[in-house]
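Subject: Handover of a structure and the findings on it

Dear colleague,

Please find below the structure that I am handing over to you. The findings follow directly after it.

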Amino acid sequence: MNWRTIIYVVLLVSLTVAKALPRTSQNVEGKTSIGQRFSQLHENNFKTIALIMFAQYVPGGTFERAAGMAERVTALARSCAAAARDSPDCLKPLDRIFFDTICQEKNLPRIADCCAKEDPERNDCFLSLKNFSQGFIPPLERPDAEAACRNYSQHQQPLTAYFTYEVSRKHPFLPAPTILSVTLRYEEMMKRCCGGAEGPSQHLEECFQTQAPKVVKPLREDALRQEHTCGILKKFGERTLKALKLTQISQKFPKADFVTVHKLVIDVADMYKDCCRGDTLDCMRDREDILQYICSNQHILSSKIQQCCEQPLLQRSECIVHVENDDKPADLSPQVREFIEDKGICERFAQEKDTHLARFLYEYSRRHPEFSAQMHLRIGKGYEDLLQECCRPGAPSGCLSRGEEELRKHIYETESVMRTSCDIYNEKGDYYFQNELLMSFTKKMPQLTSAELIKFTKEMTTIGSKCCQLGQDKLLPCAEENLDLVLGEICRRHLADPINPGVCRCCSSSYAFRRPCIGKLEVDESYVPLALTPGMFAFHGDLCTTEEEKLQHRKQEMLITLLKYKPQISPEQLGSVTAAFSAMRERCCGEANPEACFLKEGPELIKRSEKMLSA
């Protein structure tokens with residue numbers, strides 16, 4: 001059985017079996033035993049699942065120890081499947097077997113306290129040890145591509161297993177299907193570049209440079225989305241996460257009735273609670289339950305998911321997430337006037353507040369796929385505020401009728417912001433658009449490092465290139481939902497190392513209003529500007545490089561330093577300083593010895609610039 005087949009079988013069988021895996025707090029009588037699971041999964045597949053589990057629960061261990069524990073659990077499973085199925089060890093829940101195996105190991109980092117506890121406290125303790133990884137380093141033996149291919153040809157399965165271990169260890173919260181999917185892409189890259197039986201392909205370095213992003217980029221994106229959603233749950237709570245999922249599911253399945261959508265929202269929120277805790281087995285089971293429900297109810301959910309449901313389970317989840325929204329029902333009215341005009345609105349709001357608001361969000365979201373999920377949440381919050389004001393005793397008649405005007409105003413403002421941003425992007429292009437963002441965000445968040453500011457604004461610029469070419473019906477969902485991911489990164493950065501009070505307010509007060517709040521931030525008045533030092537603005541021969549990307553990066557670093565030195569710089573002052581710098585660079589790069597020229601001209605430029613800035 002080749003590795004591709006193994007991966008597919010692992011996912012198809014293990015996720016189905018995961019439904020029957022007993023939770024620690026449940027009675028295990030009548031559940032599938034480890035021996036039965038071994039027989040269903042077969043040895044290689046069972047061992048792969050075990051390796052993922054041990055890598056995720058003991059991220060500070062080593063591959064050899066994780067592989068050794070996987071071997072021992074597999075040996076127990078093999079024994080239970082063969083003859084010893086009535087042994088007490090064979091009747092234990094699978095999660096208990098995993099934790100017992102970990103606790104039998106000596107000198108593993110940070111596990112002694114957990115192993116001293118009894119279940120289910122032990123399980124909770126192990127979950128508490130998990131932390132999101134700070135990035136991912138692919139275990140590729142680059143730049144020595146020939147050595148990588150030689151290693152692959154001699155140790156194909158161990159090398160792939162090591163890759164699986166590395167991904168699992170560095171991303172302990174990622175669901176197993178995501179890990180298995182990226183393992184498949186890694187295997188495909190190695191086969192393509194190393195040539196399989198035919199030997200390595202020509203231009204190995206070029207092959208790895210082309211193929212490696214196809215492995216790493218989806219992994220980073222999946223990990224970012226997982227961390228982002230878990231961050232929303234942790235910071236803003238289950239109610240906000242459910243509202244977000246209600247909007248997204250209503251847009252994707254506009255023909256589904258409210259009861260069906262509400263059931264999916266509850267199931268998805270429960271899945272994220274398990275996944276964000278790092279509960280690998282329950283996360284797998286929850287996901288499989290949701291996929292089974294969706295694919296068993298296609299007729300009431302969507303006409304667009306049939307092809308997804310026909311795919312192997314590995315691709316099915318990703319396919320459904322990215323499939324286009326179903327067509328709206330033909331008889332769906334564009335307005336939801338009944339939520340304002342019906343006489344019993346205030347009574348329903350008083351009796352069943354959250355259900356009434358959820359029905360409004362469902363009805364409005366399914367009618368407007370051209371709006372972002374975050375915009376729908378803001379509209380929902382506006383409707384809630386309107387009811388709280390207009391349903392109070394003594395509220396003026398006609399109070400609710402102004403809701404439509406406020407809604408039109410918010411829609412216009414949001415669309416105007418996005419349209420203006422795209423106009424600037426289309427006019428200036430990537431580099432100068434990013435510079436505009438750098439000027440704005442350096443003033444808002446001068447405490448960030450140059451590398452962080454360049455990284456975040458580069459991601460925002462990429463969103464511009466991706467979304468500004470789309471039609472009006474796709475622009476808002478693309479722009480705001482991708483921008484939300486970047487702002488989530490900034491807010492998690494603030495959580496780890498506080499930036500400033502303005503960022504704190506925007507990141508803490510409301511998820512739905514986070515983007516408008518950060519957009520309205522101006523110069524951080526609490527920031528103490530940098531003092532001018534001799535080495536602050538150093539000009540060297542690297543400014544004469546012909547590599548445009550390196551030159552642009554260098555110029556952006558100097559722009560950030562200038563803004564941190566003079567946050568209140570006016571556009572006219574910035575233009576004058578920039579022109580003087582460009583003239584100096586052109587002059588010195590034309591000299592036989594640019595370094596000597598910069599050494600002489602640089603201090604003079606700084607003196608002239610100080611006069612310009614103090615004017």
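F236 is part of helix 11, which covers residues 204–252. With a relative accessible area of 17%, F236 falls under the 20% limit and therefore counts as buried. Although F236 and C507 are 271 residues apart along the chain, 9.9 Å separate their C-alpha atoms. Please note that this is a predicted model, and the values in this message are computed from it.

As to the overall architecture, the chain has 615 residues, of which 50% count as buried. Its secondary structure comprises 28 helices and 0 strands. Taken along the principal axes, the C-alpha atoms fill a box of roughly 90 × 75 × 50 Å. The chain is divided into domain 1 (34–133), domain 2 (416–520) and domain 3 (541–614). Between the centres of domain 1 and domain 2, taken over C-alpha atoms, there are 43 Å.

I turn next to the aromatic rings. A pair of aromatic rings is described by the distance of the centres and the angle of the planes. The count for this model comes to 18 aromatic pairs. One of them is formed by F339 and F360: the ring centres are 5.5 Å apart and the planes stand at 75°, which is over the 60 degrees required, so the pair is edge-to-face. This pair links distant parts of the chain, since F339 belongs to helix 17 (residues 338–341) and F360 to helix 19 (residues 353–367), 21 residues apart. F339 and F360 are both buried. Together with Y364 and Y383, F339 and F360 form one aromatic cluster.

Two lysines are also placed over aromatic rings. K263 lies over the face of Y293, at 4.6 Å from the ring centre. For K444, which lies over the face of F441, the distance from the ring centre is 5.8 Å.

The second largest pocket may also be of interest to you. Its volume is about 860 Å³. Of the 31 residues that line this pocket, V417, S421, L483, R515 and G519 are the closest to its centre. At least two residues of the lining are supplied by each of helix 21 (403–444), helix 22 (450–467), helix 23 (472–496) and helix 25 (514–520). Helix 21 provides the largest share of the lining, with 15 residues. Divided by class, the lining of the second largest pocket consists of 19 nonpolar, 6 polar and 6 charged residues.

The peptide bond from D119 to P120 is cis, with omega near 5°. P120 is placed in the loop between helix 6 (112–115) and helix 7 (121–128). The other detail concerns N107, which is not a glycine and yet has a positive phi of about 65°. N107 is found in the loop between helix 5 (94–104) and helix 6. Is N107 buried or exposed? Its relative accessible area is 77%, and because this value is over 50%, N107 counts as exposed.

With kind regards

Notes
Residues are numbered from 1 along each chain as its sequence is written. This is a predicted model: local features need pLDDT of at least 70, side-chain atom pairs count only at pLDDT 80 or more; totals for chains, interfaces and linings use all residues. Side-chain values use heavy atoms; hydrogens and water are left out. Rings of Phe, Tyr and Trp (its six-membered ring) pair if their centres lie within 6.5 Å; planes under 30 degrees apart count as stacked, over 60 as edge-to-face and the rest as tilted. Helices (H or I, at least four residues) and strands (E, at least two) are DSSP runs, numbered from the N terminus. Buried means under 20% relative accessible area, exposed over 50%, partly exposed in between (1.4 Å probe, protein chains only). A charge sits over a ring if NZ of Lys or CZ of Arg is within 6 Å of the ring centre and within 35 degrees of the ring normal. On a 1 Å grid over the protein atoms alone, a cavity is a set of points where a 1.4 Å probe fits but cannot get out, and a pocket is an open set with protein on both sides within 12 Å along at least five of seven lines; lining residues have an atom within 4 Å of a point. Grid points are joined across faces, edges and corners, and a volume is the space filled by probe spheres set on the points. Ala, Val, Leu, Ile, Met, Phe, Trp, Tyr, Cys and Pro count as nonpolar, Asp, Glu, Lys and Arg as charged, and the others, Gly among them, as polar. Domain bounds come from an automatic or database domain assignment.
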